[in-house]
Amino acid sequence: MSNDAKIRIICVGNRYRPEDSAGPMVYDQLVSERLPENIIVIDGGLAGLNLLRFIQGADRVIFIDAVNCFRPSGGVIILNAADASRNSETLFGHGAGLSYCLRVLPEVHEGKLPEIFVVGIEGTTGPDKILTAAEMSLKIATQGSP
Amino acid sequence: MNNPRTKIITAPLNRVEGDLEIRVRIEDDRVAEAWSVGVMFRGIENMLKNRGPLDGLVITPRICGICSTAHLTAAAKALDAISGAEVPSNAIIVRNIALMAEHIQSDMRHGFLMYTADFVNSAYSRQSLYDEAVKRYEPFKGRTVIDVIKHTKEILETIAIFGGQWPHSSYMVPGGIASKPNMNDIMQCKYLIDKFASWYEKRILGCSLQRWLKVQNGAELDAWLDENESHYNSELGFYIRYARDIGLDKIGQGHANFISFGQLDLPESSKVMGRNPNSHFLIPAGFARNTEIEPFDQQKIFEHVAFSWYTDSNGGQHPISGETNPYATGEESEKYSWTKAPRYNGTPAETGPLAEMVISQHPLFTDLVNTVGSSAFVRELARLTRPAELIPAMQQWILELNPQEKFYAHSPNITDGEGFGLTQASRGALGHWVTISDKKIKNYQIITPTAWNGSPRDTDSIRGPWEEALIHTPLKDTENPVEIGHVIRSFDPCLVCAVHAIQGKMENRWKI
């Protein structure tokens with residue numbers, strides 16, 4: 001990964017588990033497109049706490065991940081770091097994911113915190129949602145807060 | 001359940017790789033019986049069948065977000081064996097450094113983010129050291145917690161530099177590695193290793209690596225602790241004091257059988273040497289009953305499924321001919337886990353850093369196991385000090401890399417055949433057994449460290465390692481059985497631990 005890009009889109013999840021595959025599917029969509037040079041797309045996989053290294057040195061970071069219980073009717077939503085980490089695990093475990101990472105971020109980040117957004121995909125994943133999430137993440141990446 | 005002093009506690013334990021549950025029967029405030037229940041079937045082994053021979057390099061690192069380098073190592077070594085590829089020294093060193101980077105970050109995070117999180121349990125609020133423990137280990141705030149997160153995120157950069165991608169890198173291939181690090185890459189990695197080493201010495205040990213490595217037995221460990229304030233107040237010093245204070249040296253012994261598959265091949269002409277001069281690994285392979293070590297032979301590994309939800313095999317199967325045929329109809333009577341039960345020469349064995357220390361004949365841990373026995377305290381002490389065994393080799397190997405030499409030797413085509421790749425993941429012995437037929441994967445069997453440590457009973461109804469380690473564990477408060485968490489976590493089982501007790505129709509839930 002190049003740490004030079006100041007705007008990073010980080011797709012999180014497990015492509016081998018359908019209920020957690022939304023992030024990797026958006027990753028596949030984004031890397032098939034021609035993106036502005038100052039934006040990099042990262043396959044964050046199951047990195048959990050190790051996502052911290054992708055945040056260092058960025059001005060703006062957009063995470064894409066499957067979410068639960070934010071929009072019961074399903075769809076694509078945008079969360080800030082506080083909302084996304086509000087219900088994170090209190091104790092660290094190997095299951096600790098993006099929410100734990102975002103909660104501990106202010107304590108461990110070196111330098112100015114980047115803008116953080118989470119594009120959450122709720123409910124069954126389909127092509128429309130993947131395209132919507134990809135478009136929304138690119139729009140935030142280029143224009144900032146929606 | 002008529003005895004008022006008897007009750008059953010079930011602990012659902014979640015993890016990346018799947019889910020586990022620990023069920024215990026308590027009699028007279030002690031654990032009288034224990035069952036380790038794997039509650040999730042994943043089917044990775046079956047998913048690999050009929051795919052191309054190289055697909056294991058891509059799929060198996062995704063088994064676990066924590067130890068993906070170990071799975072990649074095992075997958076690559078299995079294909080090295082099948083293809084007959086000879087791996088150049090440069091590639092051996094890169095593979096080793098990446099695996100060691102994964103280990104040392106995992107050891108620190110497990111120790112100070114997971115294991116010591118139990119030290120601030122309310123059960124210990126009256127301990128004299130409790131307030132200091134809170135300052136160090138409180139989730140999200142403790143100064144040790146924050147410091148460990150900061151410093152462990154950097155060391156993993158080495159894998160990203162060598163692999164070009166992290167996590168879930170697939171740069172190890174039969175015959176070496178796919179990347180070709182230049183001198184700038186190597187110097188970057190050297191800087192990261194040296195920086196981690198400096199922090200580990202200052203914060204974790206409170207002394208130099210050389211001083212720590214002079215500790216040869218239990219008496220010298222006590223002398224080291226009291227030698228000066230730097231030792232006494234270091235993270236290791238505080239761990240020793242607090243763990244003994246709450247009695248972790250008296251619980252969690254287990255079978256005292258240990259297994260290591262061996263790891264970190266020694267390249268030709270390297271100045272790095274392991275503790276065992278006869279081993280071609282830095283950390284040797286072996287099996288030990290207490291500290292009596294036997295030569296390791298992978299042919300003696302068999303997986304049993306008598307108590308696992310798979311179709312029965314007569315007495316267990318060697319993994320090269322192993323099968324993963326789920327069988328859970330609700331009518332299987334005594335079966336209770338999706339985890340198989342690996343056994344070595346018919347015997348359960350624990351694996352992990354303590355097993356590595358024992359089989360390496362590390363003098364301190366040999367003495368501790370011989371004199372006071374293994375325990376939750378000793379098991380975690382081995383994990384917290386394992387980086388001291390690895391860092392000097394990392395610092396030497398990074399200097400031995402030569403960017404002018406090969407990192408990949410053209411390997412023959414992967415022909416039909418059988419092979420296995422054995423290594424040590426951060427939590428212990430990891431093996432991939434692979435059969436290739438008609439240029440496709442015919443069979444792929446994986447035995448993970450948690451399968452060893454968290455196995456259910458075998459064909460002879462012998463408990464698995466952490467089932468055994470729980471027996472006789474005293475519980476001061478059965479409503480807050482934090483001692484169960486200490487014992488299970490000392491094996492580093494990748495678990496988020498929550499316990500609920502079932503008493504008839506009542507169900508109580510609490511965290512440990």
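Guide: In chain A, 5 strands form an open sheet of mixed pairing, in the order E2-E1-E3-E5-E4. Its edge strands, each of which pairs on one side only, are E2 (39-45) and E4 (75-80) of chain A. From one strand to the next, the twist averages 20 degrees. The model is predicted: local features need pLDDT of at least 70 and side-chain atom pairs count only at pLDDT 80 or more, whereas totals for chains, interfaces and linings use all residues. Residues are numbered from 1 along each chain as its sequence is written, while chains are lettered from A and ligands numbered from 1 in the order in which they are written. Helices (H or I, at least four residues) and strands (E, at least two) are DSSP runs, numbered from the N terminus; two strands pair if DSSP finds at least two bridges between them.

Strand E1 of chain A (residues 7-12) pairs with E2(A) in the parallel sense over 6 bridges. Within this pairing, Ile9(A) stands opposite Val41(A) in E2(A). Strands of a sheet pair through backbone hydrogen bonds, either parallel or antiparallel. E1(A) is largely enclosed by the rest of the structure, because 6 of its 6 residues are buried. A residue is buried if 20 or more other C-beta atoms, placed from the backbone, lie within 10 Å of its own; it is exposed if there are 12 or fewer, and partly exposed in between. In a regular strand the side chains alternate between the two faces of the sheet. In E1(A), Ile7(A), Ile9(A) and Cys11(A) point one way, Arg8(A), Ile10(A) and Val12(A) point the other way, and all are buried.

The sheet belongs to a chain with 5 helices and 5 strands, which follow the pattern β-α-β-α-β-β-α-α-β-α along the sequence of chain A. Chain A is as compact as a globular protein of its length, because its radius of gyration is 14 Å, close to the 15 Å that the globule rule gives for 146 residues. That radius is taken over C-alpha atoms, and the rule is 2.2 Å times the number of residues to the power 0.38. Along the principal axes, the C-alpha atoms of chain A fill a box of roughly 40 × 40 × 30 Å. Of the 146 residues in chain A, 48% are buried. Two residues are in contact if their C-beta atoms, placed from the backbone, lie within 7 Å. Among contacts in chain A between residues at least 6 apart in sequence, 73% join residues at least 24 apart.

Strand E9 (residues 301-304) of chain B pairs with E10(B) in the antiparallel sense over 4 bridges, and Glu303(B) stands opposite Pro342(B) in E10(B). Strand E10 of chain B (residues 341-344) is covered on both faces, with Ala341(B) and Arg343(B) buried on one side and Pro342(B) and Tyr344(B) buried on the other.

Helix H5 (residues 130-137) and helix H6 (residues 143-155) of chain B pack at an angle of about 30 degrees, with their axes 3 Å apart. H5(B) is therefore roughly parallel to H6(B). Axes are lines fitted to C-alpha atoms, for helices over the stretch in contact, and angles run from 0 to 180 degrees between N-to-C directions; those under 35 degrees count as roughly parallel, over 145 as roughly antiparallel, 65 to 115 as roughly perpendicular and the rest as oblique. Lys135(B), Arg136(B) and Tyr137(B) in H5(B) meet Arg143(B), Thr144(B) and Val145(B) in H6(B).

Loops of chain B complete the account. Ser269(B), in the loop between strands E6 (257-265) and E7 (281-289) of chain B, has a positive phi of about 65 degrees although it is not a glycine. Ser269(B) counts as exposed, with 7 C-beta neighbours inside 10 Å. His472(B), in the loop between helices H17 (465-470) and H18 (482-489) of chain B, has a positive phi near 75 degrees.
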